[in-house]
Amino acid sequence: MYYVNNERNGERVLDAATNLALEYYLLNEKILDEPILLFYTNENAIIIGKNQNTYEEINQDYIDEHGIEVIRRFSGGGAVYHDMGNVSFCFITEDDGNSFRDFKKFTQPVIEALHKLGATGAQLEGRNDLLIDGKKFSGNAMYSNKGRLTAHGTLMFDLDTDVATHALRPKEDKFKSKGIKSVRSRITNIKPYVDEAYRDMDIFEFRNLLLKTIFDVENVEDVKQYHLTEEDWEKVDAFKAQYTGNDAWNYGANPAFEIKNSARTSVGQIDFNLNVKDNQIEAIKINGDFFGLGEINDVEEKLLHTPYKRQDLLNVFDSIDLNFYFGKISKEELVDLMLS
């Protein structure tokens, strides 16, 4: 496995739009002969899941006031807050056809590293969260494209949870389904749980300890690395300009819909936003924090102009590989939500 250091001209890259563009470049264009591990830390930013409605996930006034970036990633899942107390990890490898949604496979090396630092209670719970004492310190997501897979997550070492609480505006039913009242009560930092000798570390010292533990070396210099070239960075810059540095991608359209049906389902949050005219779907947008392999607009296109009737909707979903686009969910559950 190669570690990719995201320094550019000797300077750490702390810009979320650049770091997410780098991740996508490594996934799609930089094919190495072994898997890749990337760590990066971002200055204040909210990272939105691919299928989410940005406007419904953030507190825009607070974000504008505090200069927080909003960046959409290419994987599903929910919105997360990043600052200089957080480090993100990303494993990039060949897609073997069996690993998508297998979060245990990719989080286990991180969990084992945290255990060695003293955070012995760290564990994977639910579909994609890492918890200590029932509180979340890491959210994880995946994206697969062209036979390659990225599994990435956050590690809240000393994140400002007050800012996270104010900047994010998650749906109430997400917390009702978990029996938890607020963002603040649900998240925690890793710092209080590691051995006392490690609690004065900054985020980069924490990252280096994780690196040495994962690669089983005494010194960071002994970690096997791929060094990015200026040609690599130019391609990253081009992707940033087209996507992660572009408000059209990060926010997208927010049209007014007549029908908005949302629920916490077996695969996560799903929102159906519809305009129906003469009992036929004239406009549709599907949002949520589910993990799908396919592009959700494929599903939207199949549903467009379909009669807004149960059997007609069931017939459309019969022609779609639901596991590919949503996960393990039945057509009946989706149609019930659309018509609720």
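A cavity is taken here as a set of points, on a 1 Å grid over the protein atoms alone, where a 1.4 Å probe fits but cannot get out; grid points are joined across faces, edges and corners, and a volume is the space filled by probe spheres set on the points. By this rule, the predicted model contains 4 cavities of 30 Å³ or more. Residues are numbered from 1 along each chain as its sequence is written. Local features need pLDDT of at least 70 in this predicted model, whereas totals for linings use all residues.

The second largest cavity has a volume of about 100 Å³ and is lined by 13 residues (those with an atom within 4 Å of a point), of which Leu20, Glu23, Tyr24, Phe74 and His152 lie nearest its centre. Helices are DSSP runs of H or I with at least four residues and strands are runs of E with at least two, numbered from the N terminus.

Helix α9 (residues 230-242) has 13 residues and reaches 19 Å from its first C-alpha to its last, close to the 18 Å expected at 1.5 Å a residue, the expected span being 1.5 Å times one less than the number of residues. In α9, Asp232, Trp233, Val236 and Phe239 are buried (under 20% relative accessible area, with a 1.4 Å probe and protein chains only). These residues cover an arc of only 120 degrees around the axis, which puts them on the same side of α9, the arc being that of the directions from the helix axis to the C-beta atoms. On the other side of α9, Glu231 and Ala241 are exposed (over 50%).

How values were computed. Predicted model: local features only at pLDDT ≥ 70, side-chain atom pairs only at ≥ 80, totals over all residues. Heavy atoms only, no water. 1 Å grid on protein atoms, 1.4 Å probe; cavity = no way out; pocket = protein on both sides within 12 Å on 5 of 7 lines; lining within 4 Å.
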